[in-house]
Amino acid sequence: MTVQSTQATSAVKVSRLVKHYGDMVALDYFDLDVKTGEIFGLLGPNGSGKTTAINCILALLAYDSGTIRVFGEPMTPTSYALKRRIGIVPQNVAVFNELTVTENIDYFCSLYVPNKADRVPLVEEAIEFAGLQDFRKFRPGKLSGGLLRRLNIACGVAHKPDLIFFDEPTVAVDPQSRNAILEGIRRLNRNGATVIYTSHYMEEVEQICDRILIMDHGRHLALGTADELKAMIDTGERITIATLDLTDDALAAIRALPRVIDATYDGRELDVRCRRGDRNLTDVLDTARRFGVNIGHLTSRPPTLNDVFLELTGKALRD
Amino acid sequence: MWTTFLVVLKMNLRSRSALFWLIVFPIVLATMFNGVFGQITEGYDIKPMSMAVVKDANWKRTAGAGAFVDALAGKEPSSDATTGAHEGTATGLDQQLIDITTVTSTAEARRRIADDAVQGYLNADGSGRLRMTLSSDTAGTATSSDGNVTVTIAALHGAIELYNRTDAITRETLEDHPTAAASARFWRSVGDAAGLTREVTLTNVKPDPIARYYYALLGMSCLMAMSYAVAAVTFAQANLSALGIRRTVAPLGRVRQLLAGFLASWLCAGTSLLIALAYIRYGCGVLLGGREPAAVLAVGVASFMSCALGTMIGAIPRLPHGVKIGLTSAISCVLSLFSGLYGSFAMELSDWITRHAPVLALVNPAQQVTNLFYDILYYDGYRPFAATCVNLLVMSAVFLAVGAILLRRQRYEHL
């Protein structure tokens with residue numbers, strides 16, 4: 001019962017948010033409801049309005065209309081009690097290059113926890129959380145990219161916030177560091193923190209997020225778990241066949257199959273998107289054989305979050 | 001707020017570029033000034049020249065010549081000289097101008113010159129006038145680069161000319177009033193210039209034209225210290241840096257963060273200026289007119305203005321931090337040109353602006369900081385210093401007001 005009640009509480013609730021930059025609409029009646037205790041993924045192409053939405057939620061940006069409530073209270077630039085419960089890990093590493101690892105974490109923690117005695121164990125815990133024990137006295141200039149990212153995270157979470165914003169925290173880090181960062185985020189969530197996570201790495205989002213919202217042009221496009229999102233799109237199966245002798249007639253025949261949405265061929269590989277169905281693979285293979293196509297390597301897989309993302313937001317390049 | 005103050009302080013003190021430009025650079029430049037100007041000053045010192053004195057028949061007929069050259073040589077008048085009629089003649093110089101070598105004829109004197117034993121000789125002509133003859137080497141040196149020789153020769157010329165004029169006047173007086181020769185009072189008055197001129201001090205201390213260059217250097221250092229405040233503002237503003245985003249989201253008000261940054265920057269700017277001032281005063285020996293406490297106050301006012309200007313520049317939206325630091329250096333360098341830092345041409349330009357366009361001098365912070373120290377050194381009272389302080393504080397108020405307006409208007413549209 002308690003769990004259900006907690007799940008029902010909104011950590012962040014945004015209703016009909018509108019934000020213009022001059023004539024450009026950045027947020028167009030945008031809605032968002034992040035439940036307490038979940039890891040919530042916010043996805044969208046560049047310029048879709050993700051950062052604007054987050055900055056509005058954090059009261060860094062003024063907006064034209066709509067409401068924003070964090071833990072049930074309106075968020076303003078002077079909502080200091082609310083701000084104490086929020087942590088932010090910006091995309092760009094935001095630390096002082098002149099301070100050591102410990103000094104950086106201590107300073108950012110001090111903005112939330114003024115008492116030094118209260119702060120000391122928190123800083124220590126953050127250092128251990130980020131695995132920076134061996135680098136306490138290092139300045140950021142001496143840290144590798146992965147360690148820097150971990151320091152960036154430690155600075156954002158040392159004060160043990162209830163709500164943490166992660167803005168692409170794994171950009172330009174190696175797989176080991178990425179894995180450590182994602183594991184750390186899961187640990188924070190297990191300890192009770194609500195996480196809002198933005199990234200362009202779909203597999204990461206799929207891996208750690210409980211629910212995902214895809215937005216574009218400042219609007220909410222789709223919301224659900226990864227499986228729910230995959231179920232929302234037409235593509236149910238993706239078949240890839242390596243072949244060097246696919247003729248135009250064969251390609252046209254494959255495209256004409258009843259459950260095929262689209263088929264493309266680049267001279268080496270045939271890529272077929274199909275709706276959900278039990279006989280997609282055999283239908284495609286039969287058609288190929290009928291036209292005498294020699295088949296090399298073949299794969300069939302269900303749609304990924306990346307497919308969902310591209311189908312919802314389109315393949316056109318963004319700024 | 002205290003932690004933010006300490007962090008900005010640490011950030012400033014650990015910034016190598018800031019340490020170089022704000023502490024090392026002024027000291028290096030002051031040392032260079034000291035080397036260059038020190039040599040120039042020494043070059044204008046009077047150094048005695050070796051001169052032969054031709055004590056021939058003409059000399060012996062020229063009463064007072066012996067006492068005169070003894071005075072030039074910094075010696076007590078010899079007994080034979082004091083017997084002369086012109087015993088009261090004074091050179092008006094406190095310094096030794098010549099080292100005497102006595103010869104009996106001009107021919108011998110020329111030989112001594114040819115042997116490089118002396119640089120010239122003094123003799124008396126038939127009419128009792130003293131004449132100075134210089135070796136060609138000495139004359140050549142005087143017209144070229146050796147400042148010491150030039151100054152010493154000029155002083156000798158002046159003294160000999162004064163002697164000859166006094167001698168001529170004395171002779172004319174005795175021709176008109178032969179009875180005066182019997183008056184001891186007349187002879188005491190001959191050549192006595194005491195009471196005719198009086199040394200008046202118009203400034204607090206003896207003027208030192210070189211000091212202005214050091215003060216202009218302090219003006220430039222002061223403006224360079226803007227970079228502290230620029231960084232403090234940039235790293236606290238969400239639209240100017242990622243650090244600013246993180247700090248703005250924190251539950252510590254923006255005003256308190258900016259205030260902590262300003263105070264830390266002021267302390268750093270003041271400290272760096274104090275170090276430069278101490279080095280200039282005690283390392284380079286540039287005077288402050290015995291008003292060191294006022295100079296410390298001047299540093300406080302100047303560094304406050306510098307941080308106010310830095311706050312305004314730091315608050316300019318959309319410019320990256322690096323561009324602002326570049327702007328800070330450019331402003332410091334350009335304004336220092338008009339405050340006279342870059343040599344005599346710049347100093348003349350600064351004086352020209354002060355005379356012909358005083359408003360421009362009044363609104364040039366580098367000039368005003370230079371004036372702060374100039375006022376301390378030269379003026380008898382503190383009124384000009386206080387006026388410059390007020391001017392700098394008004395400037396600071398304007399800079400802070402503009403900075404505050406810029407900061408208030410920023411709604412982070414470009415995060």
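This is a predicted model: local features need pLDDT of at least 70, side-chain atom pairs count only at pLDDT 80 or more; totals for chains, interfaces and linings use all residues.
**Group meeting talk: two chains, sheet by sheet**

Let's start with chain A. Four of its strands form an open sheet, in the order S2-S1-S4-S5, and the pairing is antiparallel. The edges of this sheet are strand S2 (24-35) and strand S5 (73-74) of chain A, each of which pairs on one side only.

Which residue in S5(A) is the bridge partner of Val70(A)? That is Glu73(A).

Helix H2 (residues 50-57) of chain A lies across strand S1 (10-21), S2 and S4 of chain A. H2(A) runs at about 115 degrees to S1(A).

Now move along chain A to a hairpin. Strand S12 (residues 260-265) and strand S13 (residues 269-274) of chain A run antiparallel, with five bridges between them. Three residues sit between S12(A) and S13(A). In that turn, Gly267(A) has a positive phi of about 95 degrees. To find the pairing on screen, pick Thr264(A): opposite it, in S13(A), stands Asp271(A).

Here is a general point for anyone looking at strands. In a regular strand, side chains alternate between the two faces of the sheet.

Next, a pair of helices in chain A. Two packed helices are described by the angle between their axes and the distance between the axes. For helix H10 (residues 248-255) and helix H11 (residues 280-290) of chain A, the angle is about 155 degrees and the axes are 9 Å apart. That angle makes H10(A) roughly antiparallel to H11(A). Their crossing is right-handed.

Which residues of H10(A) meet H11(A)? They are Ala250(A), Ala253(A) and Ile254(A), and they meet Val284(A), Thr287(A) and Ala288(A) in H11(A). By class, this contact has five nonpolar residues, one polar residue and no charged ones.

On to chain B. Here too, four strands form an open sheet, in the order S2-S1-S3-S4, but the pairing is mixed. Strand S2 (98-103) and strand S4 (130-134) of chain B are the edge strands, each pairing on one side only. From one strand to the next, the twist averages 25 degrees.

Inside that sheet, three bridges join strand S1 (residues 49-54) to strand S3 (residues 120-124) of chain B, and these strands run parallel. Met51(B) has Gly120(B) in S3(B) as its bridge partner. Helix H6 (residues 106-114) of chain B packs on the sheet, where it touches S1, S2 and S3 of chain B. The direction of H6(B) makes about 170 degrees with that of S3(B).

Chain B also carries annotation. An unreviewed UniProt entry places the feature "transmembrane region" at five spans of chain B: 213-237, 258-282, 294-313, 325-345 and 385-407. I'll take two of them. Residues 294-313 of chain B are 100% helix, with end C-alpha atoms 29 Å apart. Residues 385-407 of chain B are also 100% helix, and there the end C-alpha atoms lie 32 Å apart.

Last, how do the chains meet? The contact takes 21 residues from chain B and 23 residues from chain A. On the chain B side, helix H1 (2-14) and helix H12 (242-249) are the elements that give two or more residues. Which of them gives the most? H12(B) does, with seven residues. By class, that side of chain B has 12 nonpolar, three polar and six charged residues.

Methods: Residues are numbered from 1 along each chain as its sequence is written. Chains are lettered from A and ligands numbered from 1 in the order in which they are written. Axes are lines fitted to C-alpha atoms, for helices over the stretch in contact, and angles run from 0 to 180 degrees between N-to-C directions. Angles under 35 degrees count as roughly parallel, over 145 as roughly antiparallel, 65 to 115 as roughly perpendicular and the rest as oblique. A crossing is left-handed if the near helix is turned anticlockwise from the far one by less than a right angle, and right-handed if clockwise. Two residues are in contact if their C-beta atoms, placed from the backbone, lie within 7 Å. Ala, Val, Leu, Ile, Met, Phe, Trp, Tyr, Cys and Pro count as nonpolar, Asp, Glu, Lys and Arg as charged, and the others, Gly among them, as polar. UniProt positions are given in the numbering used here, feature names are shortened, and annotations may be inferred rather than shown by experiment. Two strands pair if DSSP finds at least two bridges between them.
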